[in-house]
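Open the model in your viewer and keep the selection tool at hand. We will go stop by stop.

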Amino acid sequence: MSFREKNAWIASITTLVVWGYYFFEVWHAFELRSVDGLLTRFWICLGITGILMIGLNLLATRNRLRDFGAPPDEFERQIEMSATTVAHRLRGWLLLGLAAACPWLSTIVAPAFPADPAGATAIFIANAILFGLVLTELVVELIHIVRFRMAA
Amino acid sequence: MAAPPISNTIRRLRFDANEMTQQDLADRIGMTRQTIAAIEQNKYSPSLEAAFRIAEVFGVPIGDVFQWKAEKKD
């Protein structure tokens, strides 16, 4: 397994576990009608993602200088390009869908948080955007894995 | 995904070159071992430049490394 494939596996699993937990907490916050501590959890999840990605990649590599310093070869660049094309379109459609869904989202969130309806709506829309970005990155890494496995 | 209509003799050429490893070949042309494995198994068609580099490593013409499998026409 190449270093870049290991990198894709690490990124996928880290994203699924850490951000899966975070978005579960966002849903839980909506159910509890309390967004307290959500921002702290976001920064913690971001920090854990960074630490896990760097740590696991360091553990996964056999030759650190060669693996971290080497530019992608033409096959890896081809995979990267196809994944980026899909990601670009998916991100665009998700953000467009989210923009269209914003009025509907506010009719659900605002009544649930009577103390600060506008603030709560903004927080959940921001988290919906974050969900779209995380989902796109996950799809990119899964495309990498599938393409690498097809050529293995 | 259908395999490209190109075959190659990299495995035999490596054998003839004193059992050169895929990693050795990859290092000499600036690719990863996995890419060489994919080319060798006909799962990826390299660029013209990479094909020339591979031929140069073995000191043979490019036609001795890659062969076009012409499609049958009715």
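Predicted model: local features only at pLDDT ≥ 70, side-chain atom pairs only at ≥ 80, totals over all residues.

Residues are numbered from 1 along each chain as its sequence is written, while chains are lettered from A and ligands numbered from 1 in the order in which they are written.

**Chain A.** Select chain A. It has five helices and zero strands. Helices (H or I, at least four residues) and strands (E, at least two) are DSSP runs, numbered from the N terminus. Its C-alpha atoms fill a box of roughly 55 × 30 × 20 Å along the principal axes.

**Helix 4 of chain A.** Now select residues 74–112 of chain A, which form helix 4. Look for a kink of about 50 degrees at A:Cys102, shortly before A:Pro103. The bend is the angle between axes fitted to the seven residues ending there and the seven starting there. Next, colour the buried residues A:Phe75, A:Glu76, A:Ile79, A:Ala83 and A:Val109. Buried means that 20 or more other C-beta atoms, placed from the backbone, lie within 10 Å of the residue's own. Their cover includes helix 3 (33–40) of chain B.

**The contact.** Show both chains. Chain B brings twelve residues and chain A brings seven. Here, contact means C-beta atoms, placed from the backbone, within 7 Å. Helix 3 gives the most to chain B's side, with three residues.

**B:Ile10.** Finish here. Leaving aside neighbours within four places in sequence, B:Ile10 contacts B:Ile39, B:Glu40, B:Ile54 and B:Val65.

Technical notes:
Buried ≥ 20, exposed ≤ 12 C-beta atoms within 10 Å, placed from the backbone. Contact = placed C-beta atoms within 7 Å.
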